[in-house]
Amino acid sequence: MNKPLRRIAIFCGLLVLALLIRDNWLQYAQADKLQSDKQNPRVAIERYAQPRGDIIVDGKSITGSVATDGTDLKYKRTWKDGPMWSPVTGYASQLVGATQIESLEDGILTGNDDRLFFRRTMDMITGKKKEGGNVVTTLNAAAQKAAYDGLKSRGKGAAVAIDPRTGAILAMASTPSYDPSSFAGILQKDGDTFTKLDKNKDKPLTNRALRETYPPGSTFKIVTAAAALEHNLYTDPDAKTDTPLPWTMPGTTTPLKNEGNIPCEDATLRVALRYSCNTVFGKIGADLGNDKMLETAEKFGFNKQQFTPVRSNASVFSDNMNKSQTALSSIGQYNTAATPLQMAMVASAVANDGKLMEPYMVNELQAPSLDTIEQHTPKEMSRPLSEKNAQILQSMMETVVSDGTGTNAQIPGYTVGGKTGTAQHGLNNSEKPYAWFLSYAKAKDGSSPVAVAVVVEDGSANRDDISGGGLAAPIAKSVMEAVLGKK
Amino acid sequence: MSSSTTHTSTIGAIGAPSRRNTELALLAFAVVIPVFAYANVGLAIDGSLPAGLLGYGLGLGLLAGVAHIVVRRFAPYADPLLLPIATLLNGMGLVIIWRLDQSERLQQLAKSQYGSFSPDAPNQLMYSAIGIALFVGVLMLLKDHRILQRYTYISMVGALILLLLPLVPGLGMNVFGAKIWISIGGFSIQPGEFAKIVIAVFFAGYLMVKRDALALASRRFMGLYLPRGRDLGPIIVVWVMSILILVFETDLGTSLLFFGMFVVMLYVATERTSWIVFGLLMSAVGAVGVASFEPHVQSRVQAWLDPMHEYMLSRQGVAGHSEQAMQALWAFGSGGVLGTGLGQGHSDLIKFAANSDFVLATFGEELGLAGIMAILLMYGLIAERGLRTALAARDPFGKLLAAGLSGAFAIQVFVVAGGVMGLIPLTGMTMPFLAYGGSSVIANWALIGILIRISDTARRPAPAPAPSPDAEMTQVVRP
């Protein structure tokens, strides 16, 4: 009986060997795949096992974390003044994931970033729990509040404020907004809230400041004026331009209309900007031609996505347009469309003497110990216009605020330059126009610490009342005042 | 008759050392390791040593000590490895069951399912004590394993009754699709665990008598010795019984276990490879046949082939699907080579049966590949020490019984661990000693007791010149 017994012994050994091989396959060969499998609940459990790092504004955190009750995912995100800050932070929901800064800097906030590897390893050895790092933003809480409160009182809209000297984003508001805390968890009610927000036709989840492109209307005349100066079409802002009135667009029989009875015939650039003459800037566009206009627009950042690091949609200035289309595009109509961020960049480039700085809103990434992991250094993006031309354009924009359509943005004791815009849209301009305002303010030393772009999609206002100066300029003014420390 | 019996005398060397001190030293490790593991879990979960540490250590030490003294007194020449390995596995099982008792997830689950949560570890400690009591009882009362030979046919009846009990209305329970439980006075018992031992006694007794007929009376066909038609009777009876268990109790594991055990013992008894071929053919036919019309088996196979799909179906709330298999695979994978450390894994996500059928997944996640390999090797050692006992045994009944029990033990480990690790379809059996469950622990301690008894008899210095029981048996040759 011993021969079969020995064989049975080998057989039992083989059974155990098969289990050992299978176990090596599972726990060695397949371990990484199983561990990081998105369906593996451990991935989410691990991710939410510790409080998330914070997003910092003006040295104070605008986010927090709170322990959940009765779910596997221990901590969920909270926001202070969620609706005000959500265009900056985005959301970080256990159920629907994260967006914007919450998503882009997720590694730092959760503590999983490779740059934290050494610390994590040390913590593991010393038995400390893993912690998330912080994201320090460039934002200015007072400016953000001014922008958000102003927009909220006007309904739908967006505003962006930039420090022209560095490109640092000071305010980024969008209304209607949402409170990301309301769906930060993983429960049924979080899902319901999100679905409701997602289906809302006012699109509260859309960050209008970055992701919505509007026809910029007359505010685009800043770009057109810059193009005229840069391409030497006109060099003196106070010399008469060659503009008949009425002016018929080349290749058509349609005259380009001005808003109301304003002195636009052969108007100087300064006067044309002050009264917002469509004929003068339309003709500049037609005279320069598509290529030259496009060149200047692209120097300002058109036709390119911006990464702040949150991505913005690309603003549009078309190519392959004929003269009349170029003329319409040059007054911010036709295909021209811009994000509020783009128009703030236009204002900031002019205010910074022609130097366009790369816009950014994350200044610093901090380890859990508050050590700096990464620090942003301001970078020049392009030079849309020369210092001399920029100063000419500044003086023109300052005239708009002191004597023109933008008087609502005046701040006593400070020099302010700006441009209004009332952009028509919809089939046959049937829908309510967008009210725009671009501006910058100069500090006492002559440098410019803030440039703002505000757009109000005011569906409730009487059509005649909509004008950039009336609706958007007061918001821009209060944002500038907040930055200047007037409030 | 068979020349092989003459070899046995060389294995059971005369004057062999008793090895009791080796056993004692190993037992010290078998007690200390789980105590450290217990402390480890407490420190990981609460940051402090568990309150029951001293009691647990003393309890496990006491049980091991009693078992050792009884072995020393009643089976002094027994194999020195079986008791320490069983103690270590039992101790580690207790630690993991206690660890899963601490899981909030499982506590909440129990509260939502049954209205209250009660920890399993104290029960398991009680079952372990009963198991060791039975172990002690086996060694004290069963002075010689050959006594069991007298009860061959009573064992058969007993085994059949045990196997049929879960089908008795009012007594049997259907737990998650498997009808292998009975409920008596609030206790649920898995009769199949006990039937495993009883039926091994029957097979051993029966085959000892019939083996010559089965081995010698055969025709040669295509290089194989084919048994005569009438000798096929017993194997067909066992085969039908396995199929019936599979169909009526929907228990793939037990079915496989009995049939496998029978084939192993038949092969050992007759030394005919043809029986293995027959056994494999019949189990293949049975498995395919049953799978083709039994939806329960089909769904098990589906879940095995695509555990992710099964998981998604379960998540979507489709009835009759379970996420356990995929959760177990994730637990193993997440453990990696070294594991997360005791108390730091998430194997409680398996939820149902996390501490019984799926207990190995918790070991896998928290002790890693290293821990599982150690555990599998320990199981392998138990089986191999049992088979060595069979080799050393001087009587055919002892050989067959030891081979049957060890073979069954190995097959059970393979079926359960293979199922949990996704090597074969999942079945409803428990890891011996590790898993929560009174029947399993008690029956396996009895199994170890019987193996120790046989090994004591086998290794005991022969009172020279003893008449070999084999020699007597050879006179009972039947046509």
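A salt bridge here is a side-chain nitrogen of Lys or Arg within 4 Å of a carboxyl oxygen of Asp or Glu. This is a predicted model, in which local features need pLDDT of at least 70 and side-chain atom pairs count only at pLDDT 80 or more, while totals for chains, interfaces and linings use all residues. Residues are numbered from 1 along each chain as its sequence is written, chains are lettered from A and ligands numbered from 1 in the order in which they are written, and side-chain values use heavy atoms, with hydrogens and water left out.

**Figure 1. A salt-bridge network in chain A.**
A:Arg47, A:Arg52, A:Asp54, A:Arg77, A:Glu102 and A:Asp106 are joined in a network of salt bridges. Within this view, the side chains of A:Arg52 and A:Asp106 meet at 2.9 Å, N to O. A:Arg52 lies in the loop between α3 (41-47) and β1 (55-57) of chain A and A:Asp106 in helix α6 (residues 106-110), so the pair ties together parts that are 54 residues apart in sequence. Helices (H or I, at least four residues) and strands (E, at least two) are DSSP runs, numbered from the N terminus. A:Arg52 counts as buried because its relative accessibility is 10%, and A:Asp106 counts as buried at 15%. Buried means under 20% relative accessible area, exposed over 50%, and partly exposed in between (1.4 Å probe, protein chains only).

**Figure 2. Two further salt bridges, one in each chain.**
Over all chains the structure holds 31 salt bridges. In chain A, A:Arg165 pairs with A:Asp163 in a salt bridge, the closest N and O atoms being 3.1 Å apart. A:Arg165 is partly exposed, with a relative accessible area of 38%, whereas A:Asp163 is buried at 11%. In chain B, a salt bridge joins B:Arg315 to B:Glu323, with 3.4 Å between the closest N and O atoms. B:Glu323 is buried, its relative accessible area being 13%.

**Figure 3. A:Tyr75 and A:Gln94.**
A:Tyr75 lies in strand β4 (residues 75-79) of chain A, and A:Gln94 is found in the loop between β5 (92-93) and β6 (97-98). The side chain of A:Gln94 reaches the backbone oxygen of A:Tyr75 at 2.8 Å. A:Gln94 counts as buried because its relative accessibility is 10%. Leaving aside neighbours within four places in sequence, A:Tyr75 is in contact (heavy atoms within 4.5 Å) with residues including A:Tyr48, A:Pro51, A:Val66, A:Thr68 and A:Gln94. With residues up to four places away again not counted, A:Gln94 touches, among others, A:Tyr48, A:Thr68, A:Leu73, A:Ala184 and A:Ile186. A:Leu393 is 318 residues from A:Tyr75 in sequence and 52 Å from A:Tyr75 in space, C-alpha to C-alpha.

A:Ser174 belongs to strand β9 (residues 169-175) of chain A. Is A:Ser174 buried or exposed? At 1% relative accessibility, A:Ser174 counts as buried. A polar atom of the A:Ser174 side chain lies 3.4 Å from the backbone oxygen of A:Thr206. The A:Ser174 side chain also reaches the backbone nitrogen of A:Arg208 at 3.1 Å. Not counting residues up to four places away in sequence, A:Ser174 touches A:Pro87, A:Tyr148, A:Leu151, A:Gly157 and A:Ala158, among others.

**Figure 4. The interface of chain B and chain A.**
In this interface, 56 residues of chain B are in contact with 31 residues of chain A. The two chains bury about 3900 Å² between them, 70% of it on carbon and sulfur atoms; buried area is the accessible area (1.4 Å probe) that two parts lose on being put together, summed over both. The rule finds two salt bridges across the interface. The side chains of A:Arg42 and B:Glu365 meet in a salt bridge at 2.8 Å, N to O. The elements that give two or more residues to the side of chain B that touches chain A are α1 (8-11), α10 (252-270), α13 (307-315), α14 (324-335), α15 (359-392) and α16 (396-420) of chain B. The largest share of that side, 13 residues, comes from α15(B).

How values were computed:
A polar contact is a pair of N or O atoms within 3.5 Å; within protein, one must be able to donate a hydrogen and the other to accept it, and residues adjacent in sequence count only if both atoms are side-chain atoms.
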